[in-house]
Amino acid sequence: MTGRFWKALAVAGLALPVLAWPGSAFAEHPAECYVAGDQTDVDFPLRLVARAIAGKQLNILVLGAGSSSLPGPNGVKKAYPARLQQALAAKLPGVAVKVATDVKSRRTAADMVKSLVPSLAAAKPALLIWQTATVDAMQAVDPDRFGQALDKGINLARSAGADVVFVNPQYSPRTESMIALGTYVENLRWVALQQEVPVFDRFNLMKTWADLGTFDLYSATKKLDMAERVHDCIGRLLAALVLDAAKLPTGPHNEPRHEPQAEGSR
Amino acid sequence: MKEKPFMAPPPVERDLRLDLFRGIALWLIFLDHIPSNVVSWITIRNYGFSDATEIFVFISGYTAAFVYGRAMTVNGFIVAAARVLKRAWQIYVAHVFLFTIYLAEIAYVSHSFDNPLYSEEMGVMHFLNNPDVTVIQALLLKFKPVNMDVLPLYIVLLLWFAPILWLLLRSPSLGLIVSASIYAMSWTFGWNIAAWPKGVWVFNPFAWQLLFVFGAWCALGGGQRIARWVSSPVTVALAAVYLMFSFSIVITWYFPPLAAYVPKFVGEAIYPISKTNLDVLRLMHFFSLAVVTIWLIPKDWPALKLPVFKPAILCGQHSLGIFCLGVFLSFAGHFVFTEVSNRVFMQVVVSASGIAIMAAAAALISWYRRIERQGTGSGPRPPAIKPGFAGDDA
C-alpha cells in the first residue's frame, strides 16, 4: 500500500504547479463562478461556430434532459440555455445570437437522438450543445448503446452543419450513492476524444464549487435562488468555452490549452 | 483429452497471501463505494485498468475450488454441489438484506431532499412509487441498485460452479477452455443477463466467470503448472511494462489535457474499456498485477505472519460478511458526508473508521467460529469437510 500512497503523492505533486497557473479567459466573471484550473477543457476547435460568428449570425441548439431546465414560471429565462444566449450576445456585439432548446426531462441519449433531426432542421444551428448521460446512468442503459447513441447524434449534427459540445452530468452529492455516473461520464469522454468534441465538464466544475464552498450543493432547500445562480454561472462559463474553442487555431493537432482539473470524475 | 487429473492440493497450510489480498480488496471496494471520497485516491483503479473487483472474484474462485474441490473428491459430486448451492443461498439472503438497507436510505433521502436544481436526479427515487414491481424485480436480481452488483454476480457464478468444478477436477485444461469459450462467445454474441428497468447486468456473468474459473483452475494445480512461467524474469518484465502502460493511460483520465498526448490509434484501439464485459485490457492488467505481486511476495514470506497484516487477513477469511458490512458502511459513510460534514478530515475519519469496523467485525466472526466449534464439544470431524480449514468462506 505504501507504494501506492507515494504514487498518489507524486500525482498530487504533479498537479499542484499546473493548478497554480492563472485562469486566462475567465477573469471577468464574478468571483463565485471563477474556478482556478477551470473545468471547461477545450482541446478541439469549433470551426463552424467561428464561421457563423464571422457571418454575424450564431444559432445554437441546446439538446438536453431535465438538468438543462429549471422549474417555475421563470424557469426558461433562468435556465442555462437562456443565460448562455445572454452571455454570448454580450460578448459578441453585432452578432445575432439565438439559442433554441430541445429539452425534456427523463430522456436518455438514444431518446434525444430520435428527436434530433427535426430539431436541427428547425433551429439550423452552427452548434449543438448536448447535455446527456444522467438519465442513461439512472436507467442503467447498456453503456455500449449509450456510446453508439452519442456517435449517432454527433454524426447527425455534423451532417446538418453543426459543431458539437457535450455537457456532462451535474454533480449531485445527495444522490451520488444512488446513480452510478462513472461509466457514463467516462464513455462520454472517450467518445468526445475520438470524435474531437469539446466537453463542458459540468460534473467537476460543480464538484469544485462544492469543495470551495461556492455553492452548498448538499442544501435541502426547496427554493430556486441557488439553482438559478448555478445555471447563470454554467451559462456564462459555457459561453466562454464556446468562444475559446471558436478561436482555436484549426490545425489538425492542437496542444491542450487549459490546465487540468484536480479531481477525477467518477 | 488425455490428461492426468489433478488431485486436490495436499492439505498444506493455507496460502495467507490469498486472505491478505482478498481482505485488502474488500477494503478498497469499500473505499471506492463511498462517493466523492478523497481516500479512494489510493485505490488501484486510479493507477491501472483493473480494480479490486478482479482481485475479489479471482481469489473467490480460488478459495471456492480449494474448499469444494476437496469436498467433491472426498464426498462426491452431490454433497459438494449441495454445499455450493447452500453458499449461493446465503449470499442471496445477504443481498436481500443489503437491499432493505438501501431502501431505507433512499426512502429517507427522498423525504428530506427536494432541491429544484436536482429535480432530474431525484427521479432515481421514483421507483419507491411502485414497490409492487421494484421489490419483486430486486428479489429476482434484475433490479440492482448502485454498488450492489457484486453479490448477484457471485450467486450466478456459484450456481454453475458445481458442474464446472466437476469438469476441472477431471480435465483442468478442458474446464479452462470451456470457460474461455463462454467468455469469447459472450463478446461475439453480446450475451448478458437483462436487468430491470433497462440495460444489462453491470457485471456480465458470462464474461466474469472466466476470472472465477481461472482462480479455481489455479487452486486445483494449474497454479503450480504455470509457476515457472509466471516467475520467469521475462514475464515479470512484460507485466511491469504493461502496468506502466496502463498507468500512463489512466492518468490521462484524471488530467484530460494529457489525453492529447495519447496517439489517436492507441485511443481507437483501447476505448471503450468495458468493465461490464471484463475487457481483455482489464484482464491483462489483473494478470500483470498478479505476476508482479507473486514475484514481490513469496508464499512463505515470514512477514505475512506479522500482526500488522492480521486485520486484512481476517477480513479476507470472512469475505461474505465483511463484504456486506463494507457495502453497508459505504452507505453509512455517504450518509455522514451528507448529514454531518464532507470535509476532507471527515472523509479520512469515515474511511479509517470503516476499515477499523470491518477488521473488528472479522475478529468477532473468528471468535464466534472458535467458541462455536468448542461449544459443540464433539470429536474431530473428518478433515476433508472441516469448515475451519478454509474458513468455510469460499
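**Exercise 1. Describe how helices H7 and H9 of chain B pack against each other.**

Solution. In this predicted model, helix H7 (residues 161–170) and helix H9 (residues 205–225) of chain B pack at an angle of about 35°, and their axes are 10 Å apart. Helices (H or I, at least four residues) and strands (E, at least two) are DSSP runs numbered from the N terminus, while axes are lines fitted to C-alpha atoms, for helices over the stretch in contact, with angles from 0 to 180 degrees between N-to-C directions. The next step is the sense of the crossing of H7(B) and H9(B), which is right-handed; a crossing has this name if the near helix is turned clockwise from the far one by less than a right angle, and is left-handed if anticlockwise. H7(B) brings Ile164(B), Leu165(B), Leu168(B) and Leu169(B) to the contact, and H9(B) brings Val213(B), Ala216(B), Trp217(B) and Leu220(B), where two residues are in contact if their C-beta atoms, placed from the backbone, lie within 7 Å. By class, this contact has 8 nonpolar, no polar and no charged residues; Ala, Val, Leu, Ile, Met, Phe, Trp, Tyr, Cys and Pro count as nonpolar, Asp, Glu, Lys and Arg as charged, and the others, Gly among them, as polar.

A note on the conventions: residues are numbered from 1 along each chain as its sequence is written, and chains are lettered from A and ligands numbered from 1 in the order in which they are written. Since the model is predicted, local features need pLDDT of at least 70 and side-chain atom pairs count only at pLDDT 80 or more, whereas totals for chains, interfaces and linings use all residues.

**Exercise 2. Work out how helix H2 of chain B is oriented to H7(B).**

Solution. The axes of helix H2 (residues 52–75) of chain B and H7(B) come within 10 Å and cross at roughly 75°. The two helices are therefore roughly perpendicular to each other, given that 65 to 115 degrees counts as roughly perpendicular, under 35 as roughly parallel, over 145 as roughly antiparallel and the rest as oblique. Among the residues that make this contact are Tyr68(B) and Met72(B) of H2(B) and Phe161(B) and Trp166(B) of H7(B). The contact divides into 9 nonpolar, 2 polar and no charged residues.

**Exercise 3. Characterise the side of chain B that touches chain A.**

Solution. Begin with the totals: 45 residues of chain B are in contact with 52 residues of chain A. The largest share of this side of chain B, 4 residues, comes from H4(B). By class, the side has 28 nonpolar, 11 polar and 6 charged residues.
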